[in-house]
Number of protein chains: 2
Amino acid sequence: IPLSRTPRCTCIKISDRSINPRSLEKLEVIPASQSCPRVEIIATMKKNGEKRCLNPDSKTIKNLVKAISKERSKRSP
Amino acid sequence: IPLSRTPRCTCIKISDRSINPRSLEKLEVIPASQSCPRVEIIATMKKNGEKRCLNPDSKTIKNLVKAISKERSKRSP
């Protein structure tokens with residue numbers, strides 16, 4: 001990943017690790033723009049507010065969105 | 001939608017309108033939690049920073065995530 005060519009992007013390091021949706025505080029999706037030529041996906045963790053950049057090309061994001069929705073329905077009465 | 005029972009949620013009004021991914025500054029996905037029993041999807045618009053809550057049960061969110069990814073690949077060399 002040619003990070004040096006994208007100085008205005010938020011993400012420096014991108015993680016391919018999967019994330020437990022239960023430990024997720026929020027997920028931000030930032031579309032590609034003039035200041036950063038790639039989509040950025042930033043996960044904020046509940047525990048310590050840690051932010052992790054996820055790879056938008058991996059299945060992680062799709063699975064995460066799916067998992068979050070399932071989580072929601074489970075908690076509904 | 002029983003909004004009055006969920007006082008700590010961020011969203012008051014939920015829009016079912018679709019959003020042009022090009023006019024999107026960022027998209028936030030907040031999982032259900034003890035403070036808010038439903039997933040919240042908040043779109044921030046580029047133009048005026050306006051925030052719009054989207055319905056997580058509609059196809060809008062899935063299409064949006066898909067559209068954002070496509071947008072990215074189009075801009076890649």
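Reply:
**The contact between the chains**

Strand E1 of chain A (residues 24-30) runs antiparallel to E1(B), and three bridges join them; strands pair if DSSP finds at least two bridges between them. Within this pairing, Leu27(A) has Val29(B) of E1(B) as its bridge partner.

This is a predicted model, in which local features need pLDDT of at least 70 and side-chain atom pairs count only at pLDDT 80 or more, while totals for chains, interfaces and linings use all residues. Residues are numbered from 1 along each chain as its sequence is written, chains are lettered from A in the order in which they are written, and side-chain values use heavy atoms, with hydrogens and water left out.

Chain A and chain B each bring 19 residues to the contact (heavy atoms within 4.5 Å). Together they bury about 1900 Å², of which 64% lies on carbon and sulfur atoms; buried area is the accessible area (1.4 Å probe) that two parts lose on being put together, summed over both.

Two salt bridges cross the interface of chain B and chain A (a side-chain nitrogen of Lys or Arg within 4 Å of a carboxyl oxygen of Asp or Glu). One of them links the side chains of Lys26(B) and Glu28(A), at 2.9 Å from N to O.

On the side of chain B that touches chain A, strand E1 (24-30) and helix H1 (60-75) each supply at least two residues; helices (H or I, at least four residues) and strands (E, at least two) are DSSP runs, numbered from the N terminus. E1(B) gives the most to that side, with seven residues.
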